[in-house]
Amino acid sequence: MVAPRRPLVAGNWKMNGFRASIAEFRSVAAAVAGGAAGRAEVLVCPPFTLVAEFAAEPREAVEVGAQDCHAKPSGAHTGDISAEMLKDAGAGAVIVGHSERRADHGESDAVVHAKAAAVRRAGLVAIVCVGETRAEREAGHTLEVVRRQLDGSVPEGATAADTVIAYEPVWAIGTGLTPTTADVAEVHAMIRDRLVERFGAEGQGIRILYGGSVKPDNAAELMAVANVDGALVGGASLKAADFLAIAGVYR
Ligand SMILES: O=C(CO)COP(=O)(O)O
């Protein structure tokens with residue numbers, strides 16, 4: 001029997017936040033400790049500069065994560081940060097392969113694969129992002145593109161305990177646009193099938209998040225779609241009230 005998947009609501013702060021933003025994090029941590037996210041697990045991924053500080057807060061119910069890492073554990077890589085360093089700072093998870101990194105830093109599936117493997121090597125949870133561009137969707141290539149990214153980015157031996165997939169259509173990020181629930185269901189079903197093909201029962205347990213313009217007013221509808229095991233939230237994760245309203249879907 002496969003254990004039910006525990007939903008995960010993750011906030012990706014991107015390049016936003018200063019030390020004063022700890023007030024928002026504290027509000028989230030306190031509310032979640034009081035049951036605001038129900039059965040969902042909650043993760044906040046601030047920029048590198050805030051990871052250690054957030055992780056040192058009283059936050060028994062909330063995990064802290066990072067938004068990227070280098071594939072190597074240490075060495076001559078100026079400006080980079082390893083998964084081991086993030087673990088040392090108190091992170092429990094690392095987002096890899098976000099479309100903004102794929103676009104801004106030219107990260108290929110092979111690079112993302114190496115980063116995801118590094119996150120697992122460090123004993124952290126890798127949140128591996130995939131998603132098609134608007135042009136790819138309009139050309140009818142969504143399933144093919146997402147499947148290729150998934151196969152190329154998720155390392156061998158992935159388990160439900162150390163890997164999460166985030167489906168984020170590039171055209172839905174920061175635009176206020178979202179796919180129809182039928183479109184989300186189609187992509188998530190394909191991802192699930194492929195994970196089960198590759199990883200068997202573990203593939204059944206790996207959580208698949210939806211990301212891209214998740215807001216308090218559409219979260220319930222999106223989270224109710226089959227094989228949607230939570231959300232990866234950008235803009236709406238910066239305000240505690242909005243982020244908590246989204247996590248509150250699982251109360
Ligand atoms: O990219 C995202 C999360 O990683 C989604 O961002 P938005 O929620 O701002 O659309």
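Biologist: In β3, which residue is the bridge partner of Leu43?
Modeller: This is a predicted model, and in it β2 and β3 run parallel, joined by three bridges. Strand β2 covers residues 41-45, while β3 covers residues 62-66. Within that pairing, the bridge partner of Leu43 in β3 is Glu63.

Biologist: In what order do the eight strands close into a barrel?
Modeller: The pairing in the barrel is parallel, and the twist from one strand to the next averages 25 degrees. Strands β1 and β8 also pair in the parallel sense, over four bridges, and in β8 the bridge partner of Leu8 is Gly230. The order of the eight strands is β1-β2-β3-β4-β5-β6-β7-β8.

Biologist: Which residue of β8 is the bridge partner of Gly211?
Modeller: Strand β7, residues 207-211, pairs with β8 in the parallel sense over two bridges. Both faces of β8 are covered, with Gly230 and Leu232 buried on one side and Ala231 and Val233 buried on the other. The partner of Gly211 in β8 is Leu232.

Biologist: Why do the buried residues of α11 lie on the same side of the helix?
Modeller: In helix α11, residues 240-247, the buried residues are Ala240, Phe243, Leu244, Ile246 and Ala247. They lie on the same side of α11 because the arc they cover around the axis is only 155 degrees.

Biologist: Against which elements do the buried residues of α11 pack?
Modeller: Among the buried residues of α11 are Phe243 and Leu244. The elements that they and the other buried residues of this helix pack against are β1, α1, β2, α10 and β8.

Biologist: Is Asn227 buried or exposed?
Modeller: Asn227 is found in the loop between α10 and β8, and its phi is near 65 degrees, a positive value in a residue other than glycine. Because 20 other C-beta atoms lie within 10 Å of Asn227, and 20 or more is the cut-off, Asn227 counts as buried.

Biologist: How many other C-beta atoms lie within 10 Å of Lys14?
Modeller: Lys14 lies in the loop between β1 and α1, and although it is not a glycine, it has a positive phi of about 55 degrees. Lys14 is partly exposed, and the number of other C-beta atoms within 10 Å is 19.

Biologist: How far apart in space are Asp193 and Gly203, C-alpha to C-alpha?
Modeller: Asp193 has its place in helix α8, residues 181-199, and it counts as partly exposed, with 13 C-beta neighbours inside 10 Å. Asp193 and Gly203 are 10 residues apart in sequence, and their C-alpha separation in space is 8.2 Å.

Biologist: Which residues come nearest to the ligand?
Modeller: By class, the shell around the ligand has five nonpolar, eight polar and one charged residues. Of the 14 residues around the ligand, the nearest are Asn12, Ile173, Ser213, Gly234 and Gly235.

Methods:
Residues are numbered from 1 along each chain as its sequence is written. This is a predicted model: local features need pLDDT of at least 70, side-chain atom pairs count only at pLDDT 80 or more; totals for chains, interfaces and linings use all residues. Two strands pair if DSSP finds at least two bridges between them. Axes are lines fitted to C-alpha atoms, for helices over the stretch in contact, and angles run from 0 to 180 degrees between N-to-C directions. A residue is buried if 20 or more other C-beta atoms lie within 10 Å of its own, exposed if 12 or fewer, and partly exposed in between; C-beta atoms are placed from the backbone. The arc is that of the directions from the helix axis to the C-beta atoms. Two residues are in contact if their C-beta atoms, placed from the backbone, lie within 7 Å. A residue is near a molecule or strand if its C-beta atom, placed from the backbone, lies within 6 Å of it. Ala, Val, Leu, Ile, Met, Phe, Trp, Tyr, Cys and Pro count as nonpolar, Asp, Glu, Lys and Arg as charged, and the others, Gly among them, as polar.
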